[in-house]
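Have a look at the sequence and the structure first.

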Amino acid sequence: MIRLGKPVQLLEWGKGTNTTNQIWTKLANGVIYGRPKVVDGLTTIAIQIEGSWKKENPDDDSIKIMQQGEGMTPRSDKWGEVAMGRLRSVSSEGGKTVVSIELKGATKFGKLRA
């Protein structure tokens, strides 16, 4: 479940020649910007990131979204995968960088627990 009030990390699939040197690497930190939009079963989520956008592997547009205490590690300090998608667009709005990611799989959104 993606918690709308929690910070996120974005990871990209690395540029390598095989599975031992092609790993997920941290791309950016950020927060979810606005509400996710669902059109024809395709969910688009916007994430406002800290700093600038620099993708190391332009050949693969896969993006993994991670949140602390979510995924397979509930209520811990570890970062867990909450969604996987494709990079749709990167834009600059009001001096901030906003990344749009398309999520094809079923995704559940929730508010931050107290």
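The notes below cover the fold, the core and the surface of this predicted model.

## Overall build

Let's start with secondary structure. The protein has nine strands and zero helices, so its radius of gyration of 14 Å can be read against the 13 Å that the globule rule gives for 114 residues: the two are close, and the protein is as compact as a globular protein of that length. Along the principal axes, its C-alpha atoms fill a box of roughly 45 × 35 × 30 Å.

How far apart in sequence are the residues that meet? Taking contacts between residues at least 6 apart in sequence, 54% of them join residues at least 24 apart.

In soluble globular proteins, nonpolar side chains tend to be buried together. Here, the largest nonpolar core has 17 residues, and the members that touch the most others are Ile 2, Leu 10, Ile 45, Ile 47, Ile 65, Ile 101 and Leu 103. At least two residues of this core come from each of β2 (8-13), β3 (24-32), β5 (42-49), β6 (62-68), β7 (79-93) and β8 (96-103).

Beyond its neighbours within four places in sequence, Ile 101 is in contact with Leu 10, Ile 45, Ile 47 and Ile 65, among others. Its contacts also include Thr 43, Thr 44, Gly 85, Arg 86 and Arg 88.

## Surface and charge

Of the 114 residues, 39% count as buried. The protein exposes about 7,100 Å², with carbon and sulfur atoms supplying 51% of that area.

As for charge, there are 18 positive and 12 negative side chains. The centres of these two sets lie 7 Å apart.

Methods. Residues numbered from 1 in each chain as written. Predicted model: local features only at pLDDT ≥ 70, side-chain atom pairs only at ≥ 80, totals over all residues. Heavy atoms only, no water. Core = buried A, V, L, I, M, F, W, Y, C linked by side-chain atoms within 4.5 Å. Buried < 20%, exposed > 50% of the residue type's maximum accessible area, 1.4 Å probe, protein only. Helix = DSSP H or I, 4+ residues; strand = E, 2+ residues; numbered from the N terminus. Contact = heavy atoms within 4.5 Å. Rg over C-alpha atoms; globule rule 2.2 N^0.38 Å. Areas by Shrake-Rupley, 256 points an atom, 1.4 Å probe, with all protein chains shown as cover. Lys, Arg positive; Asp, Glu negative; His and termini not counted. Charge placed at Lys NZ, Arg CZ, Asp CG, Glu CD.
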